[in-house]
Amino acid sequence: MAILLGSIADDYTGASDLANTLTKNGLRTVQTVGIPDPSLALPDVDAVVISLKIRSVPASEAVAAATSAERWLRQRGAGHVLYKICSTFDSTDAGNIGPVTEALSDAAGGGVVLVTPAFPETGRTVYFGHLFVGGQPLNESPLKDHPLNPMHDANLVRVLTRQSRNAVGLVDLTTIAAGPGAVKMRLDSFSFRTAGVTAVIADAIFERDLETLGEVALETPVSTGASGLGLGLARALVRSGRISSGGATTADAIRPVGGLSAIVAGSCSKATLHQLDIAERSMPVLRLDPERLLAGPHEIAAAITWAGERISAGPVVIAASAAPETVSRLQSIYGREASGHAIETATSIIATELVERGVRRLVVAGGETSGAAVDRLAIPAFLIGPEIAPGVPVLRTVGNAQGDMLLALKSGNFGGEDFFTAALAMMH
Ligand SMILES: Nc1ncnc2c1ncn2[C@@H]1O[C@H](COP(=O)(O)OP(=O)(O)O)[C@@H](O)[C@H]1O
Ligand SMILES: O=C(O)[C@@H](O)C(=O)COP(=O)(O)O
């Protein structure tokens, strides 16, 4: 299998978001969980998205995982590798967007790397290096309260400089509006040897900006960005005539799997909290007590019993999610990472127990939450089905020990208020 576009995603929801965008824009795409085992039979595809769970791990660990994934992709023919990061640039000053970008550039022989989290379809735009979420600067958006990666600075040149060894450049919108030639000239002016720049933040407001960036990026070995840059790269590949298939199809991925259905949520994002309130009107929702979850296994056992009493009658929702004040209180007692990790472990055990009791259609809300659940379920890869909401497709497992399952891995901030019912309505 020779692939045209390789991607390394820093979390699993982000990977399915990107795989959805690549599929919608004409690339046959598979999402793998980690570097696939050689025994796993993958379909013939144009693009592979390797999901890693490295968004919130120490940068050196992220670099090691991402560079191994890059080698795997290059060995299978990938001429370009996109490091898929969050459209809200989720990371801390010790985060890995800078280190991984620089390491991937080094692995490809050096050179500048375009970086943009813009994803206009979900309201993420970048203007003179400043990231906006809807109409709000990043630091005023709900991302200021993220449990693991609270974002307090909308100026991405500054954010990325704090994480990087080399200097960080900017290609602003006026240059991008002048077309690919102007962007290339600007990148040449940042040539590493003269200016000491590796990563270059690129503005983008409309999809046409991302088409320009995709065309330029495709001629380089590495880029870093969210689904918007994926869109630009996919469209550039299709325009180049290098996609020989008749395009991507999602029909195969949604053949019915039967079984029971459930929703597990660990995202504390504003959108998820509202979606849970709406779900309460139509299905049983269990709100876990985070302190009891941290105290021992009883809360998990109680949740499984609760679900067992209801699930044969229809889908159930189990959520650890809580509002920012509650999250802060828990973190002040147990620490940010320890409480996040313990709750992810708990929700992943609950997801696995539900699958053992017959759940075959599973929605998971939250990036880290999804990563922990998919890892515990040991699912090796996914085919990409139709889109439920921008950035969230239906996924069908490939090579799964429990048989075929349908999943939806929802990024915290994605989806309309009826996301959970909309997702289950597409999964049979
Ligand atoms: N009640 C809670 N208190 C503190 N942390 C929580 C709570 N519920 C969930 N978490 C943690 O918050 C983090 C949410 O991150 P994630 O799953 O990536 O969601 P999102 O997609 O919204 O970013 C996870 O580490 C999760 O375990
Ligand atoms: O780019 C995005 O916004 C998403 O694909 C994504 O990565 C979101 O992360 P989580 O909210 O942590 O799932």
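# A guided first look at a two-domain model

Q: Which domains does the domain assignment of the protein give?
A: Welcome! The domain assignment gives domain 1 (5-240) and domain 2 (254-426); bounds of this kind come from an automatic or database domain assignment. Please note that this is a predicted model, in which local features need pLDDT of at least 70, side-chain atom pairs count only at pLDDT 80 or more, and totals for chains, interfaces and linings use all residues. Residues are numbered from 1 along each chain as its sequence is written, chains are lettered from A and ligands numbered from 1 in the order in which they are written, and side-chain values use heavy atoms, with hydrogens and water left out.

Q: How many Å separate the centres of domain 1 and domain 2, and how many residues does the contact take from each?
A: Taken over C-alpha atoms, the two centres are 27 Å apart. The contact takes 33 residues from domain 1 and 35 residues from domain 2, where contact means heavy atoms within 4.5 Å.

Q: What area do domain 1 and domain 2 bury between them?
A: Buried area is the accessible area (1.4 Å probe) that two parts lose on being put together, summed over both. Here domain 1 and domain 2 bury about 2700 Å², with 62% of it on carbon and sulfur atoms.

Q: How many salt bridges and how many residue pairs in polar contact are there between domain 1 and domain 2?
A: A salt bridge is a side-chain nitrogen of Lys or Arg within 4 Å of a carboxyl oxygen of Asp or Glu. Between the two domains the count is 3 salt bridges. A polar contact is a pair of N or O atoms within 3.5 Å; within protein, one must be able to donate a hydrogen and the other to accept it, and residues adjacent in sequence count only if both atoms are side-chain atoms. Across the interface there are 10 residue pairs in polar contact, both residues at pLDDT 80 or more.

Q: Which element gives the most to the side of domain 1 that touches domain 2?
A: Helices (H or I, at least four residues) and strands (E, at least two) are DSSP runs, numbered from the N terminus. The element giving the most is α1, with 9 residues.

Q: What does the side of domain 1 that touches domain 2 have by class?
A: Ala, Val, Leu, Ile, Met, Phe, Trp, Tyr, Cys and Pro count as nonpolar, Asp, Glu, Lys and Arg as charged, and the others, Gly among them, as polar. On this side there are 14 nonpolar, 11 polar and 8 charged residues.

Q: Is T397 buried or exposed?
A: Buried means under 20% relative accessible area, exposed over 50%, and partly exposed in between (1.4 Å probe, protein chains only). T397 has 3% relative accessibility, so T397 counts as buried. T397 sits in strand β17 (residues 392-398). Leaving out residues up to four places away in sequence, T397 touches I379, A381, F382, G403, D404, M405 and L407. A polar atom of the T397 side chain lies 2.9 Å from the backbone nitrogen of M405.

Q: How many residues of helix α3 are buried?
A: Helix α3 (residues 97-107) is mostly covered, with 9 of its 11 residues buried. Among them are I97, V100 and L104. Just after α3, G109 takes a positive phi of about 95°.

Q: Which value does phi of F89 take, and which does phi of F128 take?
A: Phi of F89 is near 60°, a positive value in a residue other than glycine. F89 is placed in the loop between β4 (80-84) and α3, and at 0% relative accessibility F89 counts as buried. Phi of F128 is near 45°, again positive in a residue other than glycine. F128 is found in the loop between β6 (124-127) and β7 (130-133), and F128 is partly exposed, with a relative accessible area of 38%.

Q: How many salt bridges does a search of the whole structure find?
A: The search finds 26 salt bridges. In one of them, the side chains of R162 and D93 meet at 3.0 Å, N to O. R162 lies in helix α4 (residues 156-163) and D93 in the loop between β4 and α3, so the pair ties together parts that are 69 residues apart in sequence. R162 is partly exposed at 40%, and D93 is partly exposed at 46%.
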